[in-house]
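Here is a short report on a structure that is new to you. Look over the sequence and the fold, then read on.

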Amino acid sequence: MVEALVFVVMAAAAIAGAATVVVARNPVYSAMGLLGTLFSVAVLYVLQLAHLVAAVQIIVYAGAVLTLFLFVIMLIGVDKSEQRDEKLPHQRTIVAGLAIAIVLFAGGVTLFGDFDWVPAATVMNPAATNGTVQAVAVPLFTDWILAFEATALLLTIAAAGAIALAHYRRRQV
Amino acid sequence: MIDPGWYMSLAGVLFIIGALGLLLRRNALVMFMCIELMLNAVNLTLISAGRALNDLNGQVAVFFILVVAAAEVVVGLAIIVSIFRLRSTASVDELSELRG
């Protein structure tokens, strides 16, 4: 009962935040909407016992990534007004119609169709997926150790690439 | 315990909203935020599916997606900044040199 209540509230908050990202004219408002969605999704993670992932979501996304976005918005400036006219005829109508059709179809199949979570239908064991640090660390450092090491390399490359791209070379006069 | 289908449906709605934003907006920064939105929707499906199937590997996959998304944001924002330095705009309509 509590889970259902929290889910409804957080789902509404997540959708509202996502809509803000798309609709807001000012990119700062978009960033704030994204922040709301990220927090709501983190709460939904906790609701599904993914504690470590929720914490990482808050620290990495809401902490680091969003700050980076706000820095770049400040750097670029927010006063540039965006063109709102349609380059392709009926662009928005077609996209909105497609979106509604996909949502209705997918939601209908998932919720009301003859669809089953094969093992979960009989035994859904929440304790098996209680994502504490210890529980997630075991597969992370045994089965996925190679991928884990590869992410270290990836992050180094990304940092070096970002520095190379954003490095300001003053023109030789 | 709620049916995982509800989480999946929410993730689907979030993904659709992100895809809509990517298609409709012209500001490169906002388009980038929409990509993050879609990544988050996919993460939510992975967590729900992992719980429904009693498998912890779903959470491990989300962990890796978070790392890759962070790296992608760092490089992508650096590209946007260097394009802005060159062209003084963040609108993707103005960047059409590569058009065939």
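Axes are lines fitted to C-alpha atoms, for helices over the stretch in contact, and angles run from 0 to 180 degrees between N-to-C directions. Helices are DSSP runs of H or I with at least four residues, numbered from the N terminus.

## Model and numbering

This is a predicted model: local features need pLDDT of at least 70, side-chain atom pairs count only at pLDDT 80 or more, and totals for chains, interfaces and linings use all residues. Residues are numbered from 1 along each chain as its sequence is written, and chains are lettered from A and ligands numbered from 1 in the order in which they are written.

## A helix pair in chain B

The axes of helix 2 of chain B and helix 3 of chain B come within 9 Å. They cross at roughly 175 degrees. The two helices of chain B, helix 2 and helix 3, are therefore roughly antiparallel (an angle over 145 degrees).

Residues are in contact if their C-beta atoms, placed from the backbone, lie within 7 Å. Helix 2 of chain B contributes residues including F32(B), L39(B) and L46(B). Helix 3 of chain B contributes, among them, V62(B), I65(B) and I80(B).

## Where the chains meet

In the model, 63 residues of chain B are in contact with 69 residues of chain A. Helix 1 (4-24), helix 2 (28-52) and helix 3 (57-87) of chain B each give two or more residues to the side that touches chain A. The largest share, 21 residues, comes from helix 3 of chain B.

## Domains of chain A

The domain assignment, automatic or from a database, gives chain A domain 1 (1-79) and domain 2 (132-168). The C-alpha centres of domain 1 and domain 2 of chain A lie 23 Å apart.

Terms used:
Two residues are in contact if their C-beta atoms, placed from the backbone, lie within 7 Å. Angles under 35 degrees count as roughly parallel, over 145 as roughly antiparallel, 65 to 115 as roughly perpendicular and the rest as oblique.
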